[in-house]
Amino acid sequence: MIKILLVRHGEAAKGPSIADPTLTTLGQRQASLLAQNLPGDTCLKLVSSPKLRAQQTAQPVAERWGQVITLESRVSEIPTPKGISLQQRLPWLRSLLTQNWDPSNKQQKEWREGIIDYLLGVHEDTMVFCHFMVINSVVAHILEDSKVQQFRPDYTSITELRLTKGSLDLVQLGSERTTKIS
């Protein structure tokens, strides 16, 4: 049995013209608190989305455990469809949350399959620093539910999975955010 922890990044300094936001001051505090609250004797492999906010969330854990962070593009944020500008991305994401995953949407299907393929190939206990939509996609896959939004993982919340004999199981959802995605 392999333990996989999906960690949502800390609060990011988002804006309509910022393609890859960094953490806010609050997000940096959230990442530091996450690292402080993890057991010091636990050492899981650390994997991060290449997005800056995920890497910056992982950094305090890596420093505490004396580890390097492996970047994995398959756990990056959901790609924006062609024709959707950076300024239109947030409204697009908000509308997507009320929908079901579209199996005929090749871009979404490949993105989701890439995440699951990566997770099924994990060979050791791993902490993956990723995104709201990644976590929801994985939970939807495990629960065999077509709804895009399964829950609202809070910043730096940890969703625990178990990988056993090529199958992913949900052990525990991370803490939920009480406000809407922003």
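Me: How many aromatic pairs does the count come to here?
Reply: The count comes to one aromatic pair, and bear in mind that this is a predicted model.

Me: Which rings are they, and is the pair stacked, edge-to-face or tilted?
Reply: The pair consists of Trp-101 and Trp-111, whose ring centres are 6.0 Å apart and whose planes stand at 40 degrees, so the pair is tilted; planes under 30 degrees apart would count as stacked and those over 60 as edge-to-face.

Me: Where do Trp-101 and Trp-111 lie?
Reply: Trp-101 is in the loop between α3 (86–96) and α4 (106–120), while Trp-111 belongs to helix α4, so the pair ties together parts that are ten residues apart in sequence.

Me: And Trp-101, buried or exposed? What about Trp-111, buried or exposed?
Reply: Trp-101 has a relative accessibility of 7% and counts as buried, and Trp-111, at 9%, counts as buried too, because the cut-off for buried is under 20% relative accessible area.

Me: Switching to the sheet, what is the strand order?
Reply: The sheet is open and is formed by six strands with mixed pairing, in the order β3-β2-β4-β1-β5-β6. Its edge strands are β3 (69–71) and β6 (167–172), each of which pairs on one side only, and from one strand to the next the twist averages 30 degrees.

Me: How many bridges join β1 to β4?
Reply: Strand β1 (residues 2–8) and strand β4 (residues 126–130) run parallel and are joined by five bridges; within this part of the sheet, Ile-4 stands opposite Thr-126 in β4.

Me: Which strands does α2 touch?
Reply: Helix α2 packs on the sheet and touches β1, β2 (45–48), β3 and β4, with its direction making about 150 degrees with that of β4.

Me: At what angle do α1 and α2 pack?
Reply: Helix α1 (residues 25–37) packs against helix α2 (residues 52–65) at an angle of about 35 degrees, the axes being 8 Å apart, and α1 passes α2 in a right-handed crossing.

Me: Which residues make that contact?
Reply: On the α1 side they are Ala-31, Ser-32, Leu-34, Ala-35, Gln-36 and Asn-37, and on the α2 side Gln-56, Thr-57, Pro-60, Val-61 and Arg-64. By type, the residues of this contact divide into five nonpolar, five polar and one charged.

Me: Last one, what is the relative accessible area of Gln-28?
Reply: Gln-28, which has its place in helix α1, is partly exposed, with a relative accessible area of 44%. From C-alpha to C-alpha, Gln-28 is 19 Å from Leu-71 in space, and the two are 43 residues apart in sequence.

Terms used: Residues are numbered from 1 along each chain as its sequence is written. This is a predicted model: local features need pLDDT of at least 70, side-chain atom pairs count only at pLDDT 80 or more; totals for chains, interfaces and linings use all residues. Side-chain values use heavy atoms; hydrogens and water are left out. Axes are lines fitted to C-alpha atoms, for helices over the stretch in contact, and angles run from 0 to 180 degrees between N-to-C directions. Helices (H or I, at least four residues) and strands (E, at least two) are DSSP runs, numbered from the N terminus. A crossing is left-handed if the near helix is turned anticlockwise from the far one by less than a right angle, and right-handed if clockwise. Contact means heavy atoms within 4.5 Å. Ala, Val, Leu, Ile, Met, Phe, Trp, Tyr, Cys and Pro count as nonpolar, Asp, Glu, Lys and Arg as charged, and the others, Gly among them, as polar. Rings of Phe, Tyr and Trp (its six-membered ring) pair if their centres lie within 6.5 Å; planes under 30 degrees apart count as stacked, over 60 as edge-to-face and the rest as tilted. Buried means under 20% relative accessible area, exposed over 50%, partly exposed in between (1.4 Å probe, protein chains only). Two strands pair if DSSP finds at least two bridges between them.
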